Amino acid sequence: MPVSAIKLGFVGINVVKFDAMVAHYADFIGLPRSAASNDAIWLACGNEFHALSLHRAARSGFCVVGLQGAVVGPLTGVLATLGAEGVLAGTGLEVRVVDQD
């Protein structure tokens, strides 16, 4: 069963220079703050309440990327297709992609 990503959703980034990145995205670019914790901040963009999240980390890189998919058929078929392609998928709201390297 084919699975097609049709829209980039939210993006979460691990950042080393947390305060500088918050200042850049929130203060300089102007993305509104929508939520925060001690080690993360979520920023809105347009209609997306949590479009970007920044996470304090020892190493920079992607934390999470959300994609909206276009699928025809039952969820079990989608999960089987993703699993066959090396994507770990659950029946909840989250799909994890594992880097094999």
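A residue counts as buried when its relative accessible area is under 20%, as exposed when that figure is over 50%, and as partly exposed in between. Keep that handy for the exercises below. One more thing before you start: the model you're looking at is predicted.

**Exercise 1**

Take Asp27: is this residue buried or exposed, and which residue does Asp27 form a salt bridge with?

*Solution*

Step 1. Look up the accessibility. Asp27 has a relative accessible area of 52%.

Step 2. Compare it with the cut-off. Exposed means over 50%, so Asp27 is exposed at 52%.

Step 3. Find the partner. Asp27 forms a salt bridge with Arg33, and their closest N and O atoms are 3.3 Å apart.

**Exercise 2**

Work out the strand order of the open sheet, then say which strands are at its edges.

*Solution*

Step 1. Read across the sheet. Its five strands come in the order β2-β3-β4-β1-β5, and the pairing is mixed.

Step 2. Pick the ends. β2 (33-36) and β5 (61-70) are the edge strands, as each pairs on one side only. On average, neighbouring strands of this sheet are turned by 25° against each other, direction ignored.

Step 3. Strand β1 (residues 4-15) and β4 run parallel and are joined by five bridges. β3 and β4 run antiparallel, also with five bridges. Strands of a sheet pair through backbone hydrogen bonds, in either of those two ways.

Step 4. Spot some facing residues. Ile13 stands opposite Leu54 in β4. Ala40 has His55 in β4 as its bridge partner.

Step 5. Check the turn. The hairpin of β3 and β4 has two residues between the strands, and Gly46 takes a positive phi near 60° there.

**Exercise 3**

Which residues is Arg56 in contact with, once you leave aside its neighbours within four places in sequence? Then find its salt-bridge partner.

*Solution*

Step 1. Arg56 sits in strand β4 (residues 48-56).

Step 2. List the contacts. They are Val15, Phe18, Asp19, Asn38 and Asp39.

Step 3. Compare sequence with space. Arg56 and Val16 are 40 residues apart in sequence, yet 6.1 Å apart in space, C-alpha to C-alpha.

Step 4. Follow the side chain. At 3.3 Å, the side chain of Arg56 reaches the backbone oxygen of Asn38. The side chains of Arg56 and Asp39 meet in a salt bridge at 3.4 Å, N to O. That pair links distant parts of the chain: Asp39 is in the loop between β2 and β3, Arg56 is in strand β4, and 17 residues separate them.

Step 5. Count up. The total for this model is two salt bridges.

**Exercise 4**

Where does Pro32 lie, and which residues is Pro32 in contact with beyond its neighbours within four places in sequence?

*Solution*

Step 1. Locate the residue. Pro32 is in the loop between α1 and β2.

Step 2. Classify the residue. With 45% relative accessibility, Pro32 counts as partly exposed.

Step 3. Name the contacts. Pro32 touches Trp42, Leu43 and Ala44.

Definitions and conventions
Residues numbered from 1 in each chain as written. Predicted model: local features only at pLDDT ≥ 70, side-chain atom pairs only at ≥ 80, totals over all residues. Heavy atoms only, no water. Helix = DSSP H or I, 4+ residues; strand = E, 2+ residues; numbered from the N terminus. Contact = heavy atoms within 4.5 Å. Polar contact = N/O pair within 3.5 Å; in protein donor to acceptor, adjacent residues only side chain to side chain. Pairing = 2+ DSSP bridges. Axes fitted to C-alpha atoms, helices over the stretch in contact; angles between N-to-C directions. Salt bridge = Lys/Arg side-chain N within 4 Å of Asp/Glu carboxyl O. Buried < 20%, exposed > 50% of the residue type's maximum accessible area, 1.4 Å probe, protein only.
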